[in-house]
Amino acid sequence: MSIRVLELYPADLSLNGDVGNRTALVRRMRLAGIDVEELSYSPGDELPESADIVLIGTGTSSAVRSIAADVERIAPTLRAWSEAGVVIVAAGAGFHLLSTTLRLSATEVFPGAGVFAGSVDSSSKRIITEAFAIDSEFGLLIGTENHTSLYTGRPDQKALGRVRNGFGNGDGTEGARVHNSIGTHCHGPFLVLNPAVADSLIGVAAQRAGIDYRPGPEHADLDAVIDLARGILLAKVPAA
């Protein structure tokens with residue numbers, strides 16, 4: 001039994017190193033003795049019949065324009081997977097593409113995949129936060145943000161958390177959560193710097209696949225190194 005990890009558009013949407021999210025998940029699962037099948041999807045491909053974890057990262061506006069039609073084509077499958085409980089992690093532009101609508105300019109509005117119930121306006125001024133901090137159910141999340149977007153989620157949709165330092169969605173909240181899907185503006189990459197989220201998502205995917213996931217001593221050694229990186233960013237977060 002293996003876990004299938006599918007990364008969408010890795011050649012187009014890895015601007016902020018979000019391919020590291022796949023690396024982090026795969027590394028943690030293999031350290032726990034879990035067999036992992038790594039898959040990638042590019043425009044025009046056919047999606048695999050199934051996936052346990054789906055990842056999508058961020059990219060430029062030109063990259064978004066080039067793949068928007070393909071995202072619309074595969075949207076029904078992505079929505080069905082999310083509703084069935086497949087783990088989906090979408091960062092930056094990937095989060096926006098998996099939302100309901102995405103505005104790049106006054107004349108450019110693209111339909112998103114509809115995994116997350118929210119609209120995105122990516123025509124605002126650029127936001128850069130070196131130490132982007134979010135209070136969440138997973139604890140304090142840390143990373144960076146670099147985007148030009150206002151995200152307006154539906155009132156009944158749960159946010160990933162509340163912003164302690166940074167901009168996030170623009171209303172004090174950050175990201176979105178629905179079923180086992182997470183959308184966020186946080187890079188770092190997100191799952192590298194926040195192993196509590198990685199372990200939680202792996203646990204969900206493993207349970208759905210009938211696999212037992214138990215982090216061990218090697219995970220603790222890895223997390224000790226990650227804590228050093230987290231500490232550098234956390235030291236730059238203003239005191240509450």
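Predicted model: local features only at pLDDT ≥ 70, side-chain atom pairs only at ≥ 80, totals over all residues.
Let's start on the inside. In soluble globular proteins, nonpolar side chains tend to be buried together. Here the largest nonpolar core has 33 residues, and the members touching the most others are Leu6, Leu8, Tyr9 and Leu98. Two or more residues each come from β1 (2–8), β2 (35–41), β3 (53–56), α2 (61–84), β4 (87–91), α3 (93–97) and β5 (101–105). Helix α2 supplies the largest share, eight residues. There is also a second, separate core of 30 residues, with Val26, Ile53, Leu191 and Ile202 among them.

Setting aside neighbours within four places in sequence, Leu98 is in contact with Ile56, Leu78, Ile88, Ala90, Ala113, Gly114, Val115 and Phe116.

## Aromatic pairs

The structure holds three aromatic pairs. In one of them, the ring centres of Tyr9 and Tyr41 are 5.4 Å apart and the planes meet at 80 degrees, so the pair is edge-to-face. Tyr9 sits in the loop between β1 and α1 and Tyr41 in strand β2, so this pair links distant parts of the chain, 32 residues apart. Tyr9 is buried at 1% relative accessibility, and Tyr41 is buried at 1% as well.

Phe95 and Tyr151 form a tilted pair, with ring centres 4.6 Å apart and planes at 40 degrees. Because Phe95 lies in helix α3 and Tyr151 in strand β10 (residues 150–153), the pair ties together parts that are 56 residues apart in sequence. Phe95 is buried, with a relative accessible area of 0%, and Tyr151 is buried with 3%. Ring pairs also bring in Phe116, giving a cluster of Phe95, Phe116 and Tyr151.

## Salt bridges

A search of the whole structure finds 15 salt bridges. One of them joins Asp223 to Arg28, with the closest N and O atoms 2.8 Å apart. This pair links distant parts of the chain, with Asp223 in helix α6 (residues 217–234) and Arg28 in helix α1, 195 residues apart. Arg28 counts as buried, at 2% relative accessibility.

Another bridge runs between Lys236 and Glu130, where the closest N and O atoms are 2.6 Å apart. Lys236 is in the segment after α6 and Glu130 in strand β8, 106 residues apart. Both ends are partly exposed: Lys236 has a relative accessible area of 41%, and Glu130 is at 48%. Arg214 and Asp212 form a bridge too, with closest N and O atoms 2.7 Å apart; Arg214 is exposed, and so is Asp212. Elsewhere, salt bridges that share partners join Glu7, Arg22, Arg30 and Glu38 into one network.

Asp18 lies in the loop between β1 and α1 (19–31). This residue is buried yet has no salt bridge, and the nearest side chain of opposite charge, Arg126, is 12 Å away. What the Asp18 side chain does reach is the backbone nitrogen of Thr58, at 3.1 Å. Beyond residues up to four places away in sequence, Asp18 touches Glu7, Gly57, Thr58, Ala91, His187 and Pro189.

Thr129 belongs to strand β8 (residues 127–136) and counts as buried at 11% relative accessibility. Its side chain makes a polar contact with the side chain of Glu145 (2.7 Å). Leaving aside neighbours within four places in sequence, Thr129 is in contact with Gly143, Thr144, Glu145, Asn165, Gly166 and Phe167.

Terms used. Residues numbered from 1 in each chain as written. Heavy atoms only, no water. Core = buried A, V, L, I, M, F, W, Y, C linked by side-chain atoms within 4.5 Å. Buried < 20%, exposed > 50% of the residue type's maximum accessible area, 1.4 Å probe, protein only. Helix = DSSP H or I, 4+ residues; strand = E, 2+ residues; numbered from the N terminus. Contact = heavy atoms within 4.5 Å. Polar contact = N/O pair within 3.5 Å; in protein donor to acceptor, adjacent residues only side chain to side chain. Lys, Arg positive; Asp, Glu negative; His and termini not counted. Salt bridge = Lys/Arg side-chain N within 4 Å of Asp/Glu carboxyl O. Phe/Tyr/Trp six-rings, centres within 6.5 Å; stacked < 30°, edge-to-face > 60°.
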